[in-house]
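Please open the model in your viewer and keep the selection panel at hand. The tour below goes from one selection to the next and says what is found at each stop.

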Amino acid sequence: MVARELGLGSRLSDRAAELVPADELERLARNRNVLAALLEASLAALYLERGFEPIAGPIVAAFDGRITYALTTHVDHKTELQEALARQGRQVAYTVLEVEGPPHDRTFTCAAVIDGEELGVGTGRSKKAAEQAAARQAFDRLAAAA
């Protein structure tokens, strides 16, 4: 998102127009992974050329909206649980406990298993939703035990 906001895709198109076929260049200029790599490389080059102090403010300003969003919005229970466990050198695994209903109307029940113990169980209309619910329950249980 930041790379798009900074117009790095169009800058890539402008700089590489003579080197890359137009259709390939257009695809690359819209590709999230390419834009992320380009932004990362640009930040590294700025750091190496200017040092930390001169670039810190503009970089924080460029990422300010994303930083605020990350601090104020809970997006992904599975990621939150995984990051909390990684800090402790632990891991989580998810298992499907039950699948109910016809193919067009399924309900999944999944468990979040940590150190061999089922710490969260969740239900959802997709396996992903059930895993998210299980992760939330496991994270809440871990937080309450801490």
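**Pockets and a helix**

Begin with H4, which gives the most to the lining of the second largest pocket, with five residues. Bear in mind throughout that this is a predicted model. To display the whole lining of this second pocket, select Met1, Val2, Ala3, Arg4, Arg32, Asn33, Leu35, Ala36, Leu39, Phe63 and Arg66. Helix H1 (2-5), H4 and H5 each supply at least two residues of that lining, and by class it comprises seven nonpolar, one polar and three charged residues. The volume of the second largest pocket is about 240 Å³.

Next, turn to the largest pocket, which holds about 330 Å³ of space. At least two lining residues come from each of helix H2 (8-16), helix H4 (32-50) and helix H5 (52-72), while the classes divide into 12 nonpolar, one polar and two charged residues.

Finally, select helix H7, residues 127-145, and check its length between the end C-alpha atoms: because 19 residues at 1.5 Å a residue should span 27 Å, the distance of 27 Å in the model agrees with expectation. Within H7, colour Ala130, Glu131, Gln132, Ala134, Ala135 and Ala138, which are buried.

Conventions: Residues numbered from 1 in each chain as written. Predicted model: local features only at pLDDT ≥ 70, side-chain atom pairs only at ≥ 80, totals over all residues. Heavy atoms only, no water. 1 Å grid on protein atoms, 1.4 Å probe; cavity = no way out; pocket = protein on both sides within 12 Å on 5 of 7 lines; lining within 4 Å. Points joined across faces, edges and corners; volume = space filled by probe spheres on them. Helix = DSSP H or I, 4+ residues; strand = E, 2+ residues; numbered from the N terminus. Nonpolar A, V, L, I, M, F, W, Y, C, P; charged D, E, K, R; others polar. Expected span 1.5 Å × (residues − 1). Buried < 20%, exposed > 50% of the residue type's maximum accessible area, 1.4 Å probe, protein only.
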